[in-house]
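Biologist: I am new to this structure. Could you walk me through some of its features?

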Amino acid sequence: MITKKLKIIFWLFAIIAGALQVWAFKHTMNHDAINYLDIADFCSKGNLGVLINSFLSPLYAALVALFLYIFRPDYYWEFPVVHLADFVIYILTLCCFEFFLRQLIKFYKQNLSKRPGLEMSQTTETAFISIGYILFIWSSLKLITVHIGGPDMLVAAFMYLITGIVLWILNGRANRIAYALFGISLGFGYLAKAIMFPLSFVFIAVICLSKQSARQKLSGLAVSMIAYAFIAAPYVVLLSKHVGRPTFGESWNHTYAVYVLELPWYWHGEPQGSGIPVNPIKKIHNNPIVLDYSLRPVGTSARSYEPSFWSEGQIIKFDLKKQIKRWGGSALFLYNIIFNHYIVIILAAITAFLIFKNYKVYLLQWVLFITPVAGFILYASCNVSERFFGSFFTIVWLVLLSPFLFIPDEKEKLVSKCLLYSIAIIMCIKITFLVLNNLREGPAGGAKQIEIAKGLMNEGVKPGDKIGAIKSSSNLDWIRMTKTTMVAELFDVKTFWGLPDKEKAGVLESFMRSGVKAVVIESPPFYAIGRQWKRIGNTDHYLLVN
């Protein structure tokens, strides 16, 4: 077994690295996370109904709401408080990973190590567990990231927890408590993110492969389904009532329309044949296009608070040609992740496969690949992002490196141990450089967002005001800090600056007619700024007050 001292070292390394990453980016946040923060803010003030959102799952927002309720931060400390919640979730994810790793080792000992030629040794076990911790830290900080916000770290926690419970059951020694915990975890996993709903049935299928008798499995799964339904069913009912039809979440439809069918993210009925908007986005200028979301001025960004509200009425059809194109793009994306972030692990797995030749190890644990592969396929069919795959990669790499555990020859054990510790050292160095780079880059971005927010407030912009934006980025930090709502925006910045002055004035007039208090422009050309624009502090943002 791994020594207690070594385990403490890895836990401290994980905690310190995560804390430093959070600290570096304490005043910045991913735009998706800000949408969750909007919900959490409303929830912390007693409006629990906002948790029923057809696009954003409720659990992460509810946890953030608890921290907002306890600390009640002002605009300066709001992001750090949210990141404190993110850090707590990261620690919980580490605990879930610890449980998974213990169950994985037990699975190997009970199902593989008793077979001839597959004996486990203490030295290789210690090295293997060390690699497990390093893979967790790297996947959590590089792919998911602690500082970005959003539910993906929470989803990773449930992936590790549920996979650990599945291993517990596959070992053949689980009782009804294990099955109840399995159902409860599936339920809360679904509340963390809607993709866990289809994945839950993959987990259930894996359970059906356990050693227990059919009667034991049926009775156990009955307990699981009752627990699952107790957690998930109320939300499904409320969500279906909110949407007006049976649903477990509308995020898939919206993202499929954007990333597969290639409809505009801010769909307003075009192209022809894509449907008729039930809640149309108003087009207040044609060239360049300026969109007005004042039909529902809620949240930091009215168009992204609940995107499926605006996409209601879209016609979603399966398109094989576009689906194949999406799969191809996703495959290339995953290829880049593997060879940019995990090349050392790939080389180690190939080495284990070629040198130790324990091919039957993979055949005896093929069941462990099912759920991560299903997750890869689900995401690859629609939309991919590095933060979606952290837990999947960690589980897959550990399974691929498992031949290092089962080496009977003493000399080969020494080679195995050296290889594993070499990988661990290389990955530790990569994690260290990652965190140092975070500390170098993070604070500047946060300082800029605070300066923009202060500048707007000094110019009379108040919480609750409606604003317009001319920008190409998706950054919403300064908008959230001022507690304003962006109800009108222009994305084609290049076209805007190429217009004659008279036409630019017409575009700005369309913003003002939408009822905004001010228009903020991002990174304009130095030669194009007129006297009516006021620079916000020392930033590259400029302000025009209505």
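Predicted model: local features only at pLDDT ≥ 70, side-chain atom pairs only at ≥ 80, totals over all residues.

Biologist: In what order do the seven strands of the open sheet come?

Modeller: The order is 1-2-4-3-5-7-6, and the pairing is mixed. Strand 1 (282–285) and strand 6 are the edge strands, each pairing on one side only.

Biologist: How many bridges join strand 3 to strand 4?

Modeller: Five bridges join strand 3, residues 466–470, to strand 4, residues 485–490. These two strands run parallel. Within this pair, alanine 469 is placed opposite glutamate 489 of strand 4.

Biologist: And which strands does helix 20 lie across?

Modeller: Helix 20, residues 501–513, lies across strands 1, 2, 3, 4, 5 and 7. Its direction is at about 140° to strand 1.

Biologist: Changing topic, where is tyrosine 527?

Modeller: Tyrosine 527 sits in the loop between strand 5 (518–522) and strand 6 (534–535). Tryptophan 497 is 30 residues from tyrosine 527 in sequence, and their C-alpha atoms are 9.9 Å apart.

Biologist: Is tyrosine 527 buried or exposed?

Modeller: Tyrosine 527 is exposed, because its relative accessible area of 62% is over the 50% cut-off.

Biologist: What about aspartate 41: buried or exposed?

Modeller: Aspartate 41, which belongs to helix 2 (residues 31–44), counts as buried because its relative accessibility is 10%, and buried means under 20%.

Biologist: Which residues does aspartate 41 touch?

Modeller: Leaving out residues up to four places away in sequence, aspartate 41 touches Leu68, Arg480 and Lys483.

Notes:
Residues numbered from 1 in each chain as written. Heavy atoms only, no water. Helix = DSSP H or I, 4+ residues; strand = E, 2+ residues; numbered from the N terminus. Buried < 20%, exposed > 50% of the residue type's maximum accessible area, 1.4 Å probe, protein only. Pairing = 2+ DSSP bridges. Contact = heavy atoms within 4.5 Å. Axes fitted to C-alpha atoms, helices over the stretch in contact; angles between N-to-C directions.
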